[in-house]
Amino acid sequence: MPVERRRAIFFDRDGTLMEDAHYCGDPARVKVFPGVPGALRRLKQAGFGVFIITNQSGIGRGLISQAQYGAVQEEFLRQAGRDSVDATYYCPDAPGVPSKCRKPEPGMVLRAAEAHHIDLSESYFVGDKSADIECGRRAGTRTVLVLTGYGSEQRCAADFTCRDAVEAVETILATDEHR
């Protein structure tokens, strides 16, 4: 019997859901953007899976440890709402290292899709960098560029461009209602 596929929203973390603290290794520097916890809860209530897809090259570069990344992620989940995120996937690879997981490669999204039975054609990738948008495109999702973090500096063709993650969620939910 075939498994029913679910819809999901994949989010970049740094610069999209929280302030970009540049190789953040200190949980005290985690600041989730206003409105994000409520927006994530709304997605869950609408039946979407919520996943974090994040490059963490600071690990591969030796700037932060796995333990520091873990502590920062725990604080992010505490502020954002642990029950609002189904799973987090991170890639520790530094730029220039052959990698199937480092965005814009879609490896993390494809792993999440397989593990959580996600219909990528009914899903979205939300991020603040062109690598996020390209990752979503390569994985087969629709894409949303947010103008927080590095978003206002990016030149890429996302399906939607929004002021921030809260507006991205509102846009996704409104688009979903009109399908």
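Okay, F11. Leaving out residues up to four places away in sequence, F11 touches T16, L17, L40, L43, V50, F51, I52, I53, V126 and V169, where contact means heavy atoms within 4.5 Å.

Quick note: this is a predicted model, so local features need pLDDT of at least 70 and side-chain atom pairs pLDDT 80 or more, while totals for chains, interfaces and linings use all residues. Numbering starts from 1 along each chain as its sequence is written, and side-chain values use heavy atoms, without hydrogens or water.

Now, where does F11 belong? It's among the residues with the most contacts inside the largest nonpolar core, alongside I9, L17, L40, L43, F76 and V126. That core has 32 residues. By nonpolar core I mean buried Ala, Val, Leu, Ile, Met, Phe, Trp, Tyr and Cys residues joined through side-chain atoms within 4.5 Å; buried is under 20% relative accessible area, with a 1.4 Å probe and protein chains only. Which element gives the most to this core? That's α6, with 6 residues. Apart from this core lies another, of 17 residues, including A8, F10, I53 and L120.

On to the sheet. Helices (H or I, at least four residues) and strands (E, at least two) are DSSP runs, numbered from the N terminus. Six strands make an open sheet, in the order β3-β2-β1-β4-β5-β6, with parallel pairing; strands pair if DSSP finds at least two bridges between them.

Definitions and conventions. Buried < 20%, exposed > 50% of the residue type's maximum accessible area, 1.4 Å probe, protein only.
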